[in-house]
Amino acid sequence: MSTANPATAIQAADILSEAHPPEKKKRRSIKSFYPTWFFIPAVALYVIFFAIPTFSSFYFSLTRWTLFDSQFIGFDNFVQFFRDPQLYTSFIHTLIYAVLTSGAKVIIGFFLALLLTGPIIGRAYLRAVVFFPVLISTIGVGIMWKSLLDPFHGMVNAVLGFFGLPQPGWFTDPNLALYSIAGVDIWKGVGIATLIFMAGIVAIPNEYFEAARIDGASGWKILRQITIPLSKGATATVIILSLIGGLRSFDIIWATTGGGPGFTSDVIASVIYKQYQAGFYGLSTAGNVVLFLLVTVIMVPLSYFLNRKPVEL
Amino acid sequence: MTRARTRAWIVGIIAILVSIVVFLVPFAFVLLQAAKTPSEASTLAFSWPTTFQFLQNFWDTLNSNDGVLWRAIINSAVLTIFSVAIMVLLSAMAGYVLARKRSKWGPVVNFFVLAGLIVPPAVVPTIWVLQGLKLFGTMPGMILIEATFGLSFCILLFRAFVGNIPRELDEAAVLDGAGPIRLFWRVVLPLLRPVVVTVIVVQSVFVFNDFAGPLYFLPGDQNVTVQLALYTFSGQNLSFYNLLFMAIFLITIPPLIAYIFFNRQIVAGMTSGAVKG
């Protein structure tokens, strides 16, 4: 980073050594002290348990499959996936869920980070309590919220009823279930977004804020012109991470509604599990390929776009 | 100045009150439920237990269903310890060489490491591979799977950190007669201690909390992990909400301890790993 960086010094030494053949010999000997076989165990695990399954999923998604033998049936699994309303709605739900949770985490996380890097009392406590749900078991969180949001006995509805407000069936109303789960997901995951935004905001040099204040900029203007544009890196990270998490999310849905009522809160990941359980391995794998393509189609251009756009001050 | 201070107090107090409602009340609810009698817990009310039987529920939960939770705790401990040990060692080795060697394969390796972070694992084909290796439904198979799924994250952290260790150290060690393995074990790995701690803590929490992995790849009553035990428990024991919430409390203890003692490492791991992803 700075000119005193040892890495640049080494680079300089490398360039020098090119000019001096005896030095070059010494450099080569040091290189052989980084044995290539150090890769092999990691590569072996990656290839066997990740790469082979991923690549073979493209073939098996085109088959009727019992794990022991497979029969090629072309695109039938995909046709079924996008024709059967129980299956293709999961595709739409996945999109809604990912965009909703990701967007909420960006907005809430940013303002929480602003609050928690600002001058307020009880900051350490607030940071700890916002972040803690990130670390606890998703299944535990799911069961806990299922009880809190119980339509008849749950505490939330008891409070709503006390104030004379409507008491919705959070996880039992077909029109609401997916959004209730998204809410629980945001509750659990906003801490990590806050943490990343806090790291981003703290990294902004203080001189910018001081200069702006001397120039008489209002708090709102400082936020719009300095904090938001200079937290772009953190924003990109939060969007990418929470979108990946949202598109792949399974645990929280399985622990609260199991995709129900009916299929109204099914996402691709839960369809993959249900079809696996039912023994339709080819169809399950087709769901996996759909999820893979969806994640790739969204993430590749998005990360390219988010990383390339320069910051304008 | 005083105006700024009153503002700090007012905003702080509002934030604390909101945090109590949003975060502490749900946690308190779990604790209160865990201390109640079965009939009282079944009303799901946010109330103080009339008879306080926290300790009794503690033992009842651990010993319910023939002590399935004991077995789950042991299984989860074995799974977490071994998979994290493997993933730390392998990714430290790979990250170290990746950071030191500049080769034309760099971009390719980068691509696969990032793919490992983004791509959702193909579940049924993974089961097919595991069955081919006779590892499906076995603890060693599950350990290798968890180790594989954590590799990308760890390699990124290790590579970034090794980049900050001056190469002169390697050269000095080599001049003193160290071989490649000695160089790695005795010189580089001790310097990596801060990242090693971070990786161990963060990945232990991940593996311990993983639900989908054991759900797919580790079926069978003997192999149950804590997350699966809790999930099964929630389906069966609807008349014993007190024990269910005690189980939630029990499996929250390990992450809680990790958070109390390794707060800084967890924050460092989550943000630095995140920035790379």
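**View 1. Burial in chain A of a predicted model.** Of the 313 residues in chain A, 39% count as buried, a residue being buried if 20 or more other C-beta atoms, placed from the backbone, lie within 10 Å of its own. This is a predicted model, in which local features need pLDDT of at least 70, side-chain atom pairs count only at pLDDT 80 or more, and totals for chains, interfaces and linings use all residues. Residues are numbered from 1 along each chain as its sequence is written, while chains are lettered from A and ligands numbered from 1 in the order in which they are written.

**View 2. The contact of chain A with chain B.** The contact takes 68 residues from chain A and 70 residues from chain B, two residues being in contact if their C-beta atoms, placed from the backbone, lie within 7 Å. On the side of chain A that touches chain B, the largest share, 13 residues, comes from helix 3 (residues 40-60) of chain A, where a helix is a DSSP run of H or I with at least four residues, numbered from the N terminus.

**View 3. Helix 3 of chain A against helix 5 of chain B.** In helix 3 of chain A, Ile48(A), Phe49(A), Ile52(A), Pro53(A), Ser56(A), Ser57(A) and Phe60(A) meet Pro125(B), Thr126(B) and Val129(B) in helix 5 of chain B.

**View 4. Surroundings of Phe158(B).** Leaving aside residues up to four places away in sequence, Phe158(B) touches Ser91(B), Ala92(B), Gly95(B), Tyr96(B), Leu192(B) and Val195(B). Phe158(B) is also among the residues with the most contacts inside the largest nonpolar core, which has 155 residues; such a core is a set of buried Ala, Val, Leu, Ile, Met, Phe, Trp, Tyr and Cys residues joined through C-beta atoms within 7 Å.

Definitions and conventions. Buried ≥ 20, exposed ≤ 12 C-beta atoms within 10 Å, placed from the backbone. Helix = DSSP H or I, 4+ residues; strand = E, 2+ residues; numbered from the N terminus.
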